[in-house]
Amino acid sequence: MTQTVAATEQQAAPAQSGRSGPSPRLVKLLGYWCLAALAITAARIWFPQASSFIGNLWWGASALLISATLLDYLTGCRVTGLQGLRRLPGNLALGVRNTARLKLHNTGPRPLLLQVSDSIPQQLGSTGLPRSAQLNPDQEITIEYDLVPRRRGSASFGRIEVLANSPWGLWQTRVWLGQEQTVKVYPNFLGISSLQSLSTEQSLRLMGLHQQQRRGEGMDFRQLREYRQGDSQRQVDWRASSRLRKLISREYQDERDQEIIYMLDCGRRMRAKDGELSHFDHALNGLLLSAYVAIKQGDAVGLQAFAAAQESSGGQLPPVKGESAINLLLNNVYDLHSGTSSADYTSAAQQLMAHHKRRALVILITNLRDEDSDELLAAVKLLSRNHLVMIASLRETSVDKLLQQPIQNFDSAVNSAAARDFLRRREQLLQHLQAHNVIVVDSRPELLHQSLVEAYWRLKRSGRI
């Protein structure tokens, strides 16, 4: 995970100056000049005896303005010695606020008054720009602004954009600094980062889960440790305890080398939103956190996405294990997006059966509806020939909220009845799946990671995987 937190900084690049244009100050002066012309015209009508004096005053002021404008243009239209660098986090996480830094250095001979902006991709929200800055000769400043990613994938930054004022502030020259940069926007991997330094037991406790020790077969010896409250007498190593003169327990771990394959629905239903994130982004977050727990247990994790958007990359990963597995998974899904087509469960099951012969836990993450019954059951029967199947369905909280609203008129009564019928049919489908020995997880989107880890741990402790 080291590459997800390292910052990237541009190399120095020559500044590129664009055309100079009038500044707001010059535009304002020209406006006053036009108003003065109208006032002088009126004065010459009302005071004809002073027309000569007023005319000479007008032309003198005009000549002074034009001379100052030309002189300011000639001395300030070229901006020399300005350098700029952009420093970004190595990778960004969806919905997480990050800080970008712009370093500006004036090696030129004159002070510069700048309006600093940046070429930020549309998929990133930003606050703190544009910013005014004054740079004296041989001075360096750092400007910080916030970035909040709104969409995963590659985010391409253009060059830093600066408007430099002329010495008298009558002209502005557009200058491009630094280089173009590209940074990857990942799913929210900060939850994984917070678990990396913790043990499995601590990780589960942090996610609100309680680890229950399984007794009996299927457990491998891991290490000796001091006795803890709750350890059974069967765990106590009496020989080590007598030698060290304190109670020592044996710690066990589940058998390893199991395979977990995630089948991720990228169809149009996963584009639904509950809150700021779509069901698809919630599914990715849950997938990554539960996959990390499985990888930490020594299991191999793979991925098969289906019905993804055509511009998506990745989505197919054979089972991998080890410390680098979570990074491989992150790099495989960061640019994966939901499409507009319907999910074809049967084709996805056939594809998985063709590529994965070894028994595995197959976790299908989707958003179920009652009209999926026939096709989904056919896909489950096919997968169950070789694999243990779990279906994790995202519950649409908007339907639950609709039931909580009071019935005030006929329309609200119809909506409430439709919501109840929808949930009843959906519950019947889930019960039908359970009757076919399918493990079912029905979860709110934001709690999917807890539900998946809890179901995985229950299967692990029962010896089914």
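User: Which residue in β17 does Ile261 stand opposite?

Analyst: This is a predicted model, in which local features need pLDDT of at least 70 and side-chain atom pairs count only at pLDDT 80 or more, while totals for chains, interfaces and linings use all residues. Residues are numbered from 1 along each chain as its sequence is written, and side-chain values use heavy atoms, with hydrogens and water left out. Strand β16 (residues 259-265) and strand β17 (residues 300-306) run parallel and are joined by 7 bridges, where strands (E, at least two residues) are DSSP runs numbered from the N terminus. In β17, the residue opposite Ile261 is Gly302.

User: Which are the edge strands of the open sheet?

Analyst: The open sheet has 6 strands in the order β18-β17-β16-β19-β20-β21, with mixed pairing; two strands pair if DSSP finds at least two bridges between them. An edge strand here pairs on one side only, and the edge strands are β18 (316-320) and β21 (439-443).

User: Why is α8 described as roughly parallel to α9?

Analyst: Helices (H or I, at least four residues) are DSSP runs, and axes are lines fitted to C-alpha atoms, for helices over the stretch in contact, with angles from 0 to 180 degrees between N-to-C directions. Helix α8 (residues 345-355) and helix α9 (residues 373-383) pack with their axes 8 Å apart, at an angle of about 10 degrees. Because angles under 35 degrees count as roughly parallel, α8 is roughly parallel to α9.

Key: Parallel < 35°, antiparallel > 145°, perpendicular 65-115°, else oblique.
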